[in-house]
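Colleague: Could you walk me through this one? I'd like to hear what sits behind each label.

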Amino acid sequence: FPQDMLGGREKIGECDIDWKQAAFGSGKNRRKTFNFGPYNKKRDEYPLSIHIRELSIVDAAGTGCAVWDAAIILARWLFKHRSVLEGHSVLELGSGCGLSGLVAANFAGSTWLTDCAPKLLSNLRYAVDVNSKNDEGDEVPEKCAIYTNTNIAYIDWDKFRGAGEGTGMYDEDIPGEAKDQLAREASEGPSYIVPIPACDIIIGSELTYTPISVVGLTQVIKTLLKPNGVFYELLSDDRDGVSAFVEEMEREGFETITHPVTEEYMGNFKTGQRPETYKFYTFRRKSSPCNFPEMQAD
């Protein structure tokens, strides 16, 4: 049962996830806080804290319901290498709960959080709102300024046929039921069906753990990445879709650079996921000089 819903994510090895609770706990949400940087005892705070709300699998309709280890590793790397993001536009694909994208939003010039499940999009909007406030629920001006440049948009990789910069989903490609759900979830805010500009940096974690959407994902990256931009992805070695995705990206004119994830980014995940081995992946066009460094440990 979980394997069907998660595309083989837990196909081997032991994990501590209670799948019954995750699958049937409709309406049961869980809030988590992720801290980055050294703790300041005098001020009783960390340099950056991100608040996330996890959903049940039923409500989220898939894997974006919770924060997985790979997203935490990516978020840690983005925080440590935040100077790479400064002044640039960042697009997160498969945002899920939005941890990595929200970290990026604190340093990038503008950020786009995207996914295909309407409930996830409204949960991302909730996360942006929560992270703009203090513990008492009052808006914090400097935090509001950060998240003013954070946008949330709907993308279905398999139905995406954008043809250039400033392209989102074509209205006629969105099924009627999905369109109705998106309208309901966005009833108190801007529409999620909006044009998305080509960005300097695209980020993602575990986007290709099965081969199902490899071609669609590649076309999204090809369309929404600027010529001199870079795509950073964090992937486990144990994913059926990784080799197919790398082959498809290279067929589309991208080079692939990989580095192992070192111990400084590992541990203290508290997700219940089984231990895995991860790699940093950097994709950039062979035809254009890239303005950004490789994703690696140092």
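Colleague: Which residues in H6 meet which ones in H8?

Modeller: On the H6 side they are Pro 118, Lys 119, Leu 121 and Ser 122, and in H8 they meet Ala 178, Gln 181, Leu 182 and Glu 185. Contact here means heavy atoms within 4.5 Å. By class, this contact of H6 with H8 has four nonpolar, two polar and two charged residues. Ala, Val, Leu, Ile, Met, Phe, Trp, Tyr, Cys and Pro count as nonpolar, Asp, Glu, Lys and Arg as charged, and the others, Gly among them, as polar. Keep in mind that this is a predicted model: local features need pLDDT of at least 70, side-chain atom pairs count only at pLDDT 80 or more, and totals for chains, interfaces and linings use all residues. Residues are numbered from 1 along each chain as its sequence is written, and side-chain values use heavy atoms, with hydrogens and water left out.

Colleague: At what angle do H6 and H8 pack, and why is that called roughly parallel?

Modeller: Helix H6 (residues 118-130) and helix H8 (residues 176-185) pack at about 20°, with axes 9 Å apart. Angles under 35 degrees count as roughly parallel, over 145 as roughly antiparallel, 65 to 115 as roughly perpendicular and the rest as oblique. So H6 is roughly parallel to H8. Their crossing is right-handed, a word used if the near helix is turned clockwise from the far one by less than a right angle.

Colleague: Why is Ser 100 called buried?

Modeller: Buried means under 20% relative accessible area, exposed over 50%, and partly exposed in between (1.4 Å probe, protein chains only). Ser 100 has 1% relative accessibility, so it counts as buried. Ser 100 is in helix H5 (residues 99-105). Leaving out residues up to four places away in sequence, Ser 100 touches Ala 71, Leu 74, Ala 75, Leu 78, Glu 92 and Ile 203.

Colleague: And what makes Asn 35 partly exposed?

Modeller: Its relative accessibility is 37%, so Asn 35 counts as partly exposed. You'll find Asn 35 in strand S1 (residues 30-36). Asn 35 and Leu 48 are 13 residues apart in sequence, and their C-alpha atoms are 5.9 Å apart.

Colleague: How much of the whole protein chain is buried?

Modeller: Buried residues make up 53% of the 298 residues in the protein chain. The protein chain has 10 helices and nine strands. Those are DSSP runs, numbered from the N terminus: helices are H or I with at least four residues, strands E with at least two.

Note on methods:
Axes are lines fitted to C-alpha atoms, for helices over the stretch in contact, and angles run from 0 to 180 degrees between N-to-C directions.
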